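Open your viewer and get ready to select residues as we go. We will visit one spot at a time and say what is there.

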Amino acid sequence: MKLFSNTIGSIENALNYSSLKQKVISENIANVDTPNYKAKDVSFKKVLEDVQGSRLEGNRTDPRHFSFSSGTINPSVITQSNAQYNENGNSVDIDKEMSDLATNQIYFDSLVSQLNSKFSILQSVIKGGR
């Protein structure tokens, strides 16, 4: 028996993605003046396409249920090799990185809010609605 719903697991995966994205953005910003540094990005789309190409099997609690399951999707870090913004070979666009940083922060905050909501519901159930 699972204590938590699949929603909490999905939020956990999304938080892991956001955390990795934050790390990559921070590395890019830290290396904005490093000669020949190539900017990195987190590729969730490629991993999702790979998973969609394979057949997903389901965990069924009743033989009458349709077959389906969700697997864990792990994003990967890719290096942008064919872009160059500075004369020193560096491909970090600081404006793009700062925009991505703000977007990722909003995404992270919304995930934490959803997770807090789920835990508040569980706390209410444990206390018997009091």
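Start by selecting tyrosine 17, which is buried, at a relative accessible area of 19%. Buried here means under 20% relative accessible area, exposed means over 50%, and partly exposed lies in between, with a 1.4 Å probe and protein chains only. Before moving on, note that this is a predicted model, in which local features need pLDDT of at least 70, side-chain atom pairs count only at pLDDT 80 or more, and totals for chains, interfaces and linings use all residues. Residues are numbered from 1 along each chain as its sequence is written, and side-chain values use heavy atoms, with hydrogens and water left out.

How many aromatic pairs does a search of the whole structure find? It finds 1. Rings of Phe, Tyr and Trp (its six-membered ring) pair if their centres lie within 6.5 Å; planes under 30 degrees apart count as stacked, over 60 as edge-to-face and the rest as tilted. The ring centres of tyrosine 17 and tyrosine 107 are 6.2 Å apart and their planes meet at 80°, so this pair is edge-to-face. Tyrosine 17 belongs to helix H1 and tyrosine 107 to helix H3, 90 residues apart, so the pair links distant parts of the chain.

Now step to serine 18, also a residue of helix H1. Serine 18 counts as buried, at 1% relative accessibility. Show what surrounds it: leaving aside neighbours within four places in sequence, serine 18 is in contact (heavy atoms within 4.5 Å) with Asn104, Tyr107 and Phe108.

For the next stop, select Ile8, Ile11, Ala14, Leu15, Leu111 and Leu115, the 6 residues of the largest nonpolar core. Such a core is a set of buried Ala, Val, Leu, Ile, Met, Phe, Trp, Tyr and Cys residues joined through side-chain atoms within 4.5 Å. Helix H1 (6-30) and helix H3 (94-126) are the elements that give two or more residues to this core, and H1 gives the most, with 4. Then pick isoleucine 8: beyond its neighbours within four places in sequence, isoleucine 8 is in contact with Leu115, Lys118, Phe119 and Leu122.

Finally, zoom out and colour by secondary structure. The protein has 3 helices and 2 strands, where helices (H or I, at least four residues) and strands (E, at least two) are DSSP runs, numbered from the N terminus. From the N terminus on, their order is α-β-α-β-α. Of the 130 residues, 22% count as buried.
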